[in-house]
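Here is a short report on one protein model. Have a look at the sequence and the structure first.

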Amino acid sequence: MTHELVGKSEKRDYGDLFRHDLNWGAPDHPPVALPLEDGTSLTATNISSYKGLRVWEVPAFPGSAVEARMDHLIAKTTTNRLVIFHEADVQAWRWPSRSSKGAGVTSRSARHVHRTGSSDPRFADKLEAIRLPDDVLLDVNAVLAKVRGAFDVESKNETKRASKLMAGMYAAVEKAYPAGYDAKKRDHEISVSLARVLFLLFGDDTEMWTPDLFQDFVKDHTARAGSDVGQRFNELFEVLDTPQSSRAGVPAELGSFPYVNGGIFAEKIHLPALNQDFRDAILDACAVDWSTISPAIFGSMFQSVRDAQTRRELGEHYTSEENIKKTLEPLFLDELRAELEAALARDTNRKRLNALRALWDKLGAIRFMDPACGCGNFIITAYKQLRLLELDVMLALQELEGFSQLSFDPTLDLKVTLDHFYGIEIDEWPARIAETAMFLVDRQCDLQLKERFGDAPQRLPIQRETRIVVGSALQIPWEEVCPPSSNVVVAGNPPFLGHATRSEAQAQELRDAWGRDDISRLDYVTGWHAKALRYFATTDGLWAFVTTSSATQGDPVPHLFQPIFAGGWQIKFAHRTFAWESEAAGAAAVHCVIVGFARSPANPLLYDYDSPKAKPTVIPAKRINGYLADGPIVYAIKRSQPISPVLTPVTFGAMARDGGHLIVEPEEVDQVRADPIARKYLLRFIQARELLHGEDRWCLWMVDLDPADIAKSPVLQQRLDAVRELRSQSRAASTAAMAATPHLFGQRPAVHDVPFVGIPRHVSEDRHYFLVARFGPDVICGDANFMVSDPDGLAFALLSSSMFLAWQKTVGGRLESRLRFSNTIVWNNFPLPAPDPHVRDAIVAAGQAIESVRAELGNDALADLYPPGDLDPRLQTAHDALDSAVDATFGVYDRPGMSELERVDILFDRYAEMTADLLSEPLRRRRR
């Protein structure tokens, strides 16, 4: 049984466990010894092997840093290895977990810690997973797969576990405060205290002091029931802010902690009386190896303890490290890495040395600011990546030292330091986490430095810190946080609040940021763009923000991008719409874009996604416009008439304003049909749902009403009386005036007695075509649709083409992620050249063929005929023929399978040509 394997492991007879219980082989390599600073050595013994995959035992528990050094030594003899460190009642199993990075592979150790007697089902599962069958001889790849399956996920699981533990600590402290305690003060004290706990947890695992010093303090010097744990933590926090020279009379268990200094422990916080729940939560957290926790955990921890309502109000969307790199790498990290490769490729050592020194200085000159930093994930990732680059530079310089007089001290000469990083955060709790997290990530980077050079800086007492300012980034002058210069990089993930969900106070912040009263439909996130423009007004720099996708669609585009381009900025890179993923459980699914700016980018890049969750295709671009397309800088502004001479104006459908009394639902239609007078006025009525899903609905359409018919029809009398009463009681003057004509829809299209195309206001973004349908004059189009008269079928064909869908997706707005049709922006700007007569006829014929295939398929529900996947082959063939005909109008022939971006390039070229002589409506003037 699996629990027997755990018991065997706790006896620490690992050779017998692997050879007899797990069915591995005998050892095949001699021991290796690691010299230690105190003159002793640590020995690793190979206790079992399987075709080159070796298991090593080290009878010591020296802490993660020494473990890493031993693992590094073993790696010189054994690529695939399990290393077991053990002492007394604790054991740590290390495995080199690998992941792909570009064309290479990175490795980091997964580490599972097991304590004797503890309930550890995950450990039992791992042992069971690596048990080999006794009747089948597996090849080495199969065994590797079993071990990787057991251990490679450990770091990720530890990160998730740590997030839950932090949430448990938060809840335990929150419960301890009395009911009448000031909520704001309580939240502040919890924020500060848990940031301190996070620091102490890391200290135990990253050689800041004697290993497990904090854990032992909690375990051995607080009451088991937790009755004094609050007071003991208050004492500990005070000691950590007290220099050694001023600690007279401090108990030994507290005096063993070093003086920390800095801002982490400076404020006097007095925790309330806590209990066993909090103590147990702390001890559970101590069992985690915090030295390998992903930086993304800090945002996850924050999101885990905050209520959903608060997250919605602040528009928070916390992020995975992978998504953060989508912003930072093309903005500046990729270029720095390319500079390192170029430096190493120089043809002489002197040139290499000079280039490396110049790059090292450049790294030290960079200043990074996130003006919406949350828990600091962007700052953390930027710092971590720059430290890794600096480490690579230092290693390269060390290799060249034999060819020069260069010497440096890795503990003193670091150029990438914490005080080069800045943040602005509106809420204190994440700001506190960010400050603490930066110091802890700094320590992780120091351990990597120590692994390479054998030494690392002494960080305590703290001398340098990241500066996080608490306040609204739209009100605080950024230059007072971080002075602007050409070396500054600004990037982050500002709040995602649409124009409909922002508060009035936030709307006013947006007006103030842009310096104008008319902010149109701009989302709250664009305020950060306005502030960046002001911040970099007189200097170069780099900046990028994760942005709501709606900011690059429809009406907001000219309001956002005209001032950016006018300020001399160009788009350096852009991720088109994709799904932004968060590390936190239950996090909101968000579709967004990322746009990065520079003054004169050399090689703009577009990242295009076939679907929101797909991997991007990287496309070199000449010039990226505000619609995130490679094309001219143009704007599809609102127009009252189509720019194409071929197109007929689109209007809204009919709006009843009747309280439902002029609408006839399916369950009511038999009653209306039974009235011979009312029956004369009964017509089919389509809203978007009826159009897309083929459902039945009717209305009473009485534009040609004989007034005498009302008295003859009980149905008409009842319904019109109800309409009259409802309208007369309306507060809207326009609706009240309509009470005089209760038989008429409140708003009616100018043309309603000709064939027309019904155009839904919103269509799923997953369809391959924009779904429209053509109807005769005996059908009434409701206001959930637009409509356009279409006597011969040309409008239907154009709206059904891939060229139109590409235009709609690019310049149209969105409702959530669904496509939002607009007559003034989408249709009136559709840059359709006048086709030759024979091409026009071909387009109409192709549209008629699509209608014929739809009829043959016998399904009135467009949504079913056009699933997100493959279409019926007959329908697909008909659409392909239509696309060929429409493409010919744009001068494109024999190019089947064009991508959406290729079509957009063509459309913007045509749009630029057709609008060159048109006067564009200017944006509203600034207030100042």
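## About the model

This is a predicted model, in which local features need pLDDT of at least 70, side-chain atom pairs count only at pLDDT 80 or more, and totals for chains, interfaces and linings use all residues. Residues are numbered from 1 along each chain as its sequence is written, and side-chain values use heavy atoms, with hydrogens and water left out.

## Cysteines

A disulfide is a covalent bond between the sulfur atoms of two cysteines. Here the test is a pair of cysteine sulfur atoms within 2.5 Å. The structure holds 0 disulfides.

Buried means under 20% relative accessible area, exposed means over 50%, and partly exposed lies in between (1.4 Å probe, protein chains only). Cys286 has a relative accessible area of 7%, so it is buried. Cys592 is at 0%, so it counts as buried too.

Helices (H or I, at least four residues) and strands (E, at least two) are DSSP runs, numbered from the N terminus. Two strands pair if DSSP finds at least two bridges between them.

Strand E13 covers residues 590–598. Of its 9 residues, 8 are buried, so the rest of the structure largely encloses it. Strand E11 (residues 542–548) pairs with E13 in the antiparallel sense, over 6 bridges. There, Trp543 has Phe597 of E13 as its bridge partner. Strand E12 (residues 570–580) also pairs with E13 in the antiparallel sense, over 8 bridges. Phe573 stands opposite Gly596 in E13.

## An open sheet of 4 strands

Another group of strands forms an open sheet. Its 4 strands have the order E16-E24-E20-E22, and the pairing is antiparallel. Strand E16 (651–652) and strand E22 (773–775) are the edge strands, each pairing on one side only.

Look at E20 and E22. Strand E20 (residues 756–760) runs antiparallel to E22, and 3 bridges join them. Phe756 stands opposite Phe775 in E22.

## A buried aspartate

Is Asp887 buried or exposed? Asp887 has a relative accessible area of 6%, so it is buried. Asp887 lies in helix H33 (residues 873–889).

What does Asp887 touch? Contact means heavy atoms within 4.5 Å. Leaving aside neighbours within four places in sequence, Asp887 is in contact with Met803, Val892, Met898 and Arg903. A polar contact of 2.7 Å joins the side chains of Asp887 and Arg903. A polar contact is a pair of N or O atoms within 3.5 Å; within protein, one must be able to donate a hydrogen and the other to accept it, and residues adjacent in sequence count only if both atoms are side-chain atoms.
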